[in-house]
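Colleague: I am new to this one. Could you show it to me and take some questions?

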Amino acid sequence: MIKQLCYHSRIKPEAGGRVLSVFRDILKTSQRNNQAQGLSGYLLFDRTYFAQVLEGPAAKVDDTFARIKADARHSSVTIIGTRDRSGRQFGGWTMGGAALEVLQDREVLLSHGLDVEGWQHKLDCRGLIDVALDFAHKRASNG
Ligand SMILES: Cc1cc2nc3c(=O)[nH]c(=O)nc-3n(C[C@H](O)[C@H](O)[C@H](O)COP(=O)(O)O)c2cc1C
């Protein structure tokens, strides 16, 4: 069994540097650590809000989430939900990531019944996973 944990949070304005470089730094660290921990997942970022799916053995997910929650680069960390599953859905991604672009990505959000404003608040864990998988496959095929 693996555990999936979904949450959203808000970047702190004082996180330092440009928001997209903060995002890229987080992805780089996450990919390195998650590989070592046997974790996988996906991180969405719209320059204000993060929404992340983290999956793997429950104890590893919980340990890593405790570290993430304490990270000073974001606040208002809110768990959306957790799920137990027999297999992974993000096996190809130690931590995939998509920085949402208001114009190009609006269509994808709309196709999930979401919009660029408030998307992160409307999702349950399953909904976030569906959106993240959509971005994961689109970004993978579009480079
Ligand atoms: C939105 C967000 C998502 C993060 N996701 C992960 C993650 O999936 N895995 C991880 O190891 N660290 C993640 N981090 C970073 C951790 O909070 C922490 O900085 C990092 O694990 C410390 O690793 P280091 O000691 O190797 O620098 C995330 C941080 C933020 C703000």
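Colleague: How far does a polar side-chain atom of Ser-30 lie from a nitrogen atom of the ligand?

Modeller: This is a predicted model, where local features need pLDDT of at least 70, side-chain atom pairs count only at pLDDT 80 or more, and totals for chains, interfaces and linings use all residues. Residues are numbered from 1 along each chain as its sequence is written, and side-chain values use heavy atoms, with hydrogens and water left out. Ser-30 is among the closest of the 17 residues that surround the ligand (a heavy atom within 4 Å). From the polar side-chain atom of Ser-30 to the ligand nitrogen the distance is 3.3 Å.

Colleague: How much of the ligand's accessible area does the protein cover?

Modeller: On its own, the ligand has 620 Å² of accessible area (Shrake-Rupley method, 1.4 Å probe).

Colleague: Which element gives the most to the largest nonpolar core?

Modeller: That core has 22 residues, and Tyr-42, Leu-44, Trp-119 and Phe-135 have the most contacts inside it. A nonpolar core joins buried Ala, Val, Leu, Ile, Met, Phe, Trp, Tyr and Cys residues through side-chain atoms within 4.5 Å, buried being under 20% relative accessible area (1.4 Å probe, protein chains only). At least two residues each come from β2, β3, α3 and α4 (DSSP runs: helices H or I, at least four residues; strands E, at least two; numbered from the N terminus). With 8 residues, the top contributor is α4.

Note on methods: Buried means under 20% relative accessible area, exposed over 50%, partly exposed in between (1.4 Å probe, protein chains only). A polar contact is a pair of N or O atoms within 3.5 Å; within protein, one must be able to donate a hydrogen and the other to accept it, and residues adjacent in sequence count only if both atoms are side-chain atoms.
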